[in-house]
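Work through the two exercises below with the sequence and the structure at hand. Each task is followed by a solution in steps.

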Amino acid sequence: MAYKWSDDLLTGNMQIDTEHKELIKAINDLLEACSAGKGRAELEKTVKFLSHYTKTHFGHEEVLQMKYKYPDYNNHKKYHKQFVDNVESIQKKLLSDGPSIVLVGEINSKVANWLTNHIKREDVKVAAHIRDNSK
Ligand SMILES: [Fe+2]
């Protein structure tokens, strides 16, 4: 199952939106590699990219939040950490045991659904704050 970008995921901040699109693509690539039963090398590549890109993107978001003194910065940072931990635990399991239905389920719930909910609930607030404070 692939996740589609839809405009209700737009935050209105161009950098954040562009990176979110890349993240959704990376999640789709990983899900596709898992369900195609791709070899360890392919899985390793996709999960590594996702884990790396997640950290880069969250770093950008956090820098923006600091720059614009986002009031809920500390909580937002905690949410990011939780996600990074989830991706890391999935990465470990994928590399040691290979893909399984259980792990694909975890990618769906702890990575894909988490991210889309986080964008809709939290990142839109960040983008609105940046907009309001950059006039
Ligand atoms: Fe975020």
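This is a predicted model: local features need pLDDT of at least 70, side-chain atom pairs count only at pLDDT 80 or more; totals for chains, interfaces and linings use all residues.

**Exercise 1.** Identify the protein donors of the iron ion and state how they are spaced in sequence.

*Solution.* 
Step 1. List the donor atoms: Glu 61 through OE, His 76, His 80 and His 118 through NE2, and Asp 123 through OD. These donors lie 2.1 to 2.3 Å from the iron ion.
Step 2. Write the spacing of the donor residues along the sequence, which is E-x14-H-x3-H-x37-H-x4-D.
Step 3. Check their accessibility against the cut-off of under 20% relative accessible area for buried residues. Glu 61 and Asp 123 are both buried.

**Exercise 2.** Find the largest cavity, list its lining and classify the lining residues.

*Solution.* 
Step 1. Count the cavities of 30 Å³ or more: the structure holds 1. The volume of the largest cavity is about 30 Å³.
Step 2. Collect the lining, which is made up of Tyr 3, Ile 24, Ile 27, Ala 112, Leu 115 and Thr 116.
Step 3. Assign the lining to helices. At least two lining residues come from each of α1 (14-35) and α4, and α4 gives the most, with 3 residues.
Step 4. Sort the lining by residue class: 5 residues are nonpolar, 1 is polar and none is charged.

Note on methods: Residues are numbered from 1 along each chain as its sequence is written. Side-chain values use heavy atoms; hydrogens and water are left out. Donors are N, O and S atoms within 2.8 Å of the metal (3.2 Å for Na, K and Ca); water is not among the atoms, so sites may look incomplete. Buried means under 20% relative accessible area, exposed over 50%, partly exposed in between (1.4 Å probe, protein chains only). On a 1 Å grid over the protein atoms alone, a cavity is a set of points where a 1.4 Å probe fits but cannot get out, and a pocket is an open set with protein on both sides within 12 Å along at least five of seven lines; lining residues have an atom within 4 Å of a point. Grid points are joined across faces, edges and corners, and a volume is the space filled by probe spheres set on the points. Helices (H or I, at least four residues) and strands (E, at least two) are DSSP runs, numbered from the N terminus. Ala, Val, Leu, Ile, Met, Phe, Trp, Tyr, Cys and Pro count as nonpolar, Asp, Glu, Lys and Arg as charged, and the others, Gly among them, as polar.
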